Amino acid sequence: MNNQFALSNTQLLEIANDLKSKIETGLQEDGTEIKCLPTYIHPKKDGIKGEATVFDLGGTNFRAAVVSVGEETKITGMAEKDITEMKTAGFTETDLYNSEAEAIVQLKLPANSSIGYCFSYPAKPMLNGDAELIVWTKGVNIAGMAGKPIGAPMVKFLNDTMNAGFNGKIAVVNDTITSLFAGLANPGYDAYIGLIVGTGTNMATFFPSTYIPKINGMEGWSGETPVNLESGNFNPPNLTKFDVEVDDNSDNKGFQRFEKAISGMYLGRIFRAVFPNDGLDINLDAAGLSKMMNNPDQYKLEYVETAFQIYERSAKLVAASIAGLVLNLSTAYPSVKKIQVLAEGSLFWSKVKAHDTKYVDVVNACLAELLAESGLNDIKVDISRIENANLIGAAMSVLS
Ligand code: BGC
């Protein structure tokens with residue numbers, strides 16, 4: 001069947017190289033397409049001990065848990081809440097804190113606890129560990145919060161309204177940063193990447209501060225810097241008219257173009273753009289596409305194949321973005337040979353019956369070809385997974 005989502009290796013390499021050069025620009029100055037947000041934490045791999053309260057505001061759920069890190073990592077008590085209500089018009093900052101409190105109240109909070117907050121939206125980290133919201137993504141749009149710290153007002157609210165007694169440190173970190181940190185548990189790599197492909201998408205890595213002109217020489221900070229790229233906002237070449245359509249009908253037109261071509265929140269919308277006259281359910285989402293790909297005999301061949309083409313392109317675009325970042329890393333660390341990607345997200349670890357395909361296998365195969373064609377076949381990239389990476393990484397952030 002004709003594949004309107006096919007991308008040649010030449011096109012994928014154009015995408016990889018474009019991302020590479022936009023990362024360089026983002027490391028030079030603020031406010032560029034690839035934001036490259038430095039996080040001011042030196043994560044300790046070993047010797048961390050203690051207990052932290054951990055929050056995780058993702059694209060689909062809010063979770064709260066108590067995590068103890070030491071010889072053994074233990075997660076005690078976990079409360080979870082669907083965040084659909086946060087995506088409705090008129091939802092306020094106070095509604096957000098109240099909603100978070102409903103989950104937190106279910107935990108047995110340690111006294112004077114520190115908080116590690118895994119926050120899956122673009123935010124500018126501050127030297128004190130808190131971070132300022134830049135903009136909401138993934139359908140959340142709570143007014144009046146951009147440009148202000150995320151952690152401090154939430155802690156004040158929780159202490160005032162539920163006597164939570166938080167008076168320890170707080171670290172607000174992106175979910176790619178928590179994945180990056182959790183991945184340090186696997187030793188022996190020259191470089192590490194944190195990758196999310198779920199409701200949204202993004203990557204993070206470490207760069208030497210000297211390689212980041214916009215913070216090089218900054219007072220109070222030096223050494224290896226964890227950088228949240230915000231690669232979901234990448235506007236790559238070689239997208240289709242269907243991607244334009246999805247973007248035009250979104251609540252943040254012109255932004256998060258890469259995310260809109262890749263992540264779970266948008267795959268159903270791309271599919272609907274291909275069949276505008278079929279009266280498809282407006283709620284058809286990535287889960288709906290999985291259903292088609294997993295029950296091929298119950299759907300039109302054209303639907304099953306198109307769903308598969310969109311799924312496969314998503315994996316190839318992810319491979320191209322990893323290849324782009326590997327190109328940066330090979331410049332920042334000329335002797336780099338082994339890189340680990342710690343990947344999180346339900347789409348990334350999915351598999352479908354159509355063509356008996358695992359998403360990660362498509363990423364690995366495509367990445368190997370792109371690296372070989374870029375002359376980087378001496379670099380080995382391993383993609384791994386760690387249970388509860390976000391919760392563990394958030395605890396590491398505040399306990400390091
Ligand atoms: C956000 C990122 C986040 C990613 C994955 C994107 O929409 O901008 O901060 O890391 O989703 O959750």
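Which residues form one aromatic cluster? I found Phe55, Phe62, Tyr117, Phe119, Tyr121, Trp136 and Phe166 in it.

A note on what I'm looking at: this is a predicted model, where local features need pLDDT of at least 70, side-chain atom pairs count only at pLDDT 80 or more, and totals for chains, interfaces and linings use all residues. Residues are numbered from 1 along each chain as its sequence is written, and side-chain values use heavy atoms, with hydrogens and water left out.

**Rings.** I searched the whole structure and got 20 aromatic pairs. Rings of Phe, Tyr and Trp (its six-membered ring) pair if their centres lie within 6.5 Å; planes under 30 degrees apart are stacked, over 60 edge-to-face, the rest tilted. I picked Phe55 and Tyr117: their centres are 5.9 Å apart and their planes at 85 degrees, so I wrote down edge-to-face. Phe55 is in strand E2 and Tyr117 in strand E5, 62 residues apart; strands here are DSSP runs of at least two residues, helices (H or I) of at least four, numbered from the N terminus. I also noted that Phe55 and Tyr117 are buried, meaning under 20% relative accessible area (1.4 Å probe, protein chains only), with exposed over 50% and partly exposed in between.

**Ligand.** Next I checked what surrounds the ligand, and got 15 residues, each with a heavy atom within 4 Å of it. Helix H4 and strand E10 each supply at least two of the shell residues. A polar side-chain atom of Asn174 lies 2.8 Å from a ligand oxygen, and for Lys138 I read 2.9 Å; a polar contact is a pair of N or O atoms within 3.5 Å.

Methods:
A polar contact is a pair of N or O atoms within 3.5 Å; within protein, one must be able to donate a hydrogen and the other to accept it, and residues adjacent in sequence count only if both atoms are side-chain atoms.
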